Amino acid sequence: MPPMTSSYPHETRLDLEAVLLAAQRLQGIATRTPLLESPEINAATGARVLFKPEVLQRTGSFKFRGAYNRLSALTDEERARGVVCYSSGNHGRGVAAAARLLGIDAVVALPADAPLKKVRGVESEGARVITYDRNTDRELAVKPLIDAGRLMIHPYEDPLVIAGQGTVGLEIAAQAAELGVDIDVAIAPCGGGGLTSGIVVAMQGGSPGTRFWAAEPEGFDDTRRSFQAGVRQGNPSVRKTICDAIMTPEPGVLSFEINRVSHTGVAVVSDAETMAAMGMAADTLKIVVEPGGAVGLAALLSGKLDIAGRTVACVLSGGNVDLSQYADILAGTNASKP
């Protein structure tokens with residue numbers, strides 16, 4: 001795959017070198033999350049599944065990686081201007097945390113119906129929160145702040161953000177090597193595509209035998225439909241899913257160009273399958289995974305991929321879920337067991 005370039009601010013090549021530079025910036029700042037394994041899930045899938053629990057990452061999701069890499073590359077003049085972003089929650093908290101560490105003023109636009117845990121998480125990092133209607137153009141919420149001079153930190157339409165997310169893939173490859181195994185299949189949740197594309201950039205050269213898959217919720221399968229059409233497709237705003245973290249309007253320009261030529265396919269899962277996966281993660285891995293972070297596991301457990309006898313890396317991308325919702329989901333999954 002040739003290196004990608006961008007016409008966005010801080011134009012840079014998006015290649016393995018960019019991911020390695022991001023890893024240097026994040027060293028000692030981001031958490032090197034482990035690979036976890038569950039005998040029960042291995043038995044249920046017929047595969048060896050190695051989980052990358054970004055729920056244990058700083059701020060509770062992988063988004064901190066890309067946010068810190070982006071903000072740490074700002075000039076002194078840009079830092080003085082402050083930053084703004086829109087987010088379903090996890091990117092916003094990542095930006096807020098990175099801004100606090102780097103002494104940058106941050107404003108985060110969140111949907112008015114964002115989970116309270118995500119709102120409070122952003123506020124706890126010292127950022128100011130503004131809200132917008134999830135069904136309207138989120139660009140409108142941040143435009144006045146951009147016009148006033150703040151730098152926009154896009155959740156996935158930025159090569160530095162994608163490079164930061166790619167450090168997840170770097171760690172997976174290194175940890176698999178430490179275990180003496182080759183990764184046959186890698187699967188991760190997909191919203192705008194920054195995580196999935198970053199993992200490809202990081203792993204494709206050093207792990208040529210890996211097949212890459214994305215996972216999406218029903219009703220927000222824009223990446224799957226975009227692959228089929230050959231051009232980016234959007235999601236109707238009237239649709240709903242419990243996977244609030246990946247309710248993006250359409251794939252990113254940069255991420256789509258990488259994902260469409262590198263991914264074997266996209267697995268689409270129902271909310272019921274996602275909730276069952278959350279319950280399985282709690283029961284066997286003993287970790288809290290939010291709905292959007294569990295869709296990859298849901299795809300494996302529901303048989304959407306042929307993985308029998310293979311070694312699979314599955315990213316659990318975030319764990320920021322309101323405890324009341326989480327308790328209801330676990331209660332429902334337990335009630336459905338025989």
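Where is Thr-59 found? Thr-59 sits in the loop between β1 and α3; here, helices (H or I, at least four residues) and strands (E, at least two) are DSSP runs, numbered from the N terminus.

This is a predicted model, in which local features need pLDDT of at least 70 and side-chain atom pairs count only at pLDDT 80 or more, while totals for chains, interfaces and linings use all residues. Residues are numbered from 1 along each chain as its sequence is written, and side-chain values use heavy atoms, with hydrogens and water left out.

**Confidence.** The chain averages a pLDDT of 93, and 95% of the residues score at least 70; pLDDT is the predictor's confidence in each residue, from 0 to 100. Over residues 1–11 the pLDDT is below 50, and this stretch has 28 contacts in the model beyond near neighbours in sequence. A contact means heavy atoms within 4.5 Å.

**The open sheet.** Four strands form an open sheet in the order β4-β3-β2-β5, with parallel pairing. Its edge strands, each pairing on one side only, are β4 (128–132) and β5 (151–152). Two strands pair if DSSP finds at least two bridges between them, and two bridges join β2 (residues 83–86) to β5. Along this pair, Val-83 stands opposite Leu-151 in β5. Helix α7 (residues 138–147) lies across β2, β3 (106–111), β4 and β5, and runs at about 175° to β2. For such angles, axes are lines fitted to C-alpha atoms, for helices over the stretch in contact, and values run from 0 to 180 degrees between N-to-C directions.

**Nonpolar cores.** A nonpolar core is a set of buried Ala, Val, Leu, Ile, Met, Phe, Trp, Tyr and Cys residues joined through side-chain atoms within 4.5 Å. The largest has 35 residues, and Ile-187 and Leu-305 have the most contacts inside it. Elements giving two or more residues to this core include β1 (48–53), β6 (185–189), α13 (295–301) and β9 (311–316). Leaving aside neighbours within four places in sequence, Ile-187 is in contact with residues including Trp-213, Ala-299, Leu-305 and Val-312. Apart from this core lies another, of 28 residues, among them Leu-35, Leu-170, Ala-202 and Val-315.

Why is helix α3 described as largely enclosed by the rest of the structure? Ten of the ten residues of α3 (residues 63–72) are buried, so the helix is largely enclosed.

**Individual residues.** The table gives relative accessible areas; buried means under 20%, exposed over 50%, and partly exposed in between (1.4 Å probe, protein chains only).

| Residue | Relative accessible area | Class |
|---|---|---|
| Ser-207 | 14% | buried |
| Leu-116 | 43% | partly exposed |
| Thr-59 | 10% | buried |
| Lys-286 | 62% | exposed |

Thr-59 has a phi near 75°, a positive value in a residue other than glycine. Lys-286 has a positive phi as well, near 65°, and is placed in the loop between α12 and α13.

Ser-207 lies in the loop between α9 (194–203) and β7 (211–217). The side chains of Ser-207 and Thr-210 are joined by a polar contact of 2.4 Å; this term means a pair of N or O atoms within 3.5 Å, where, within protein, one must be able to donate a hydrogen and the other to accept it, and residues adjacent in sequence count only if both atoms are side-chain atoms.

Leu-116 belongs to helix α6 (residues 116–124). The C-alpha atoms of Leu-116 and Gly-89 are separated by 9.4 Å, with the two residues 27 apart along the chain.
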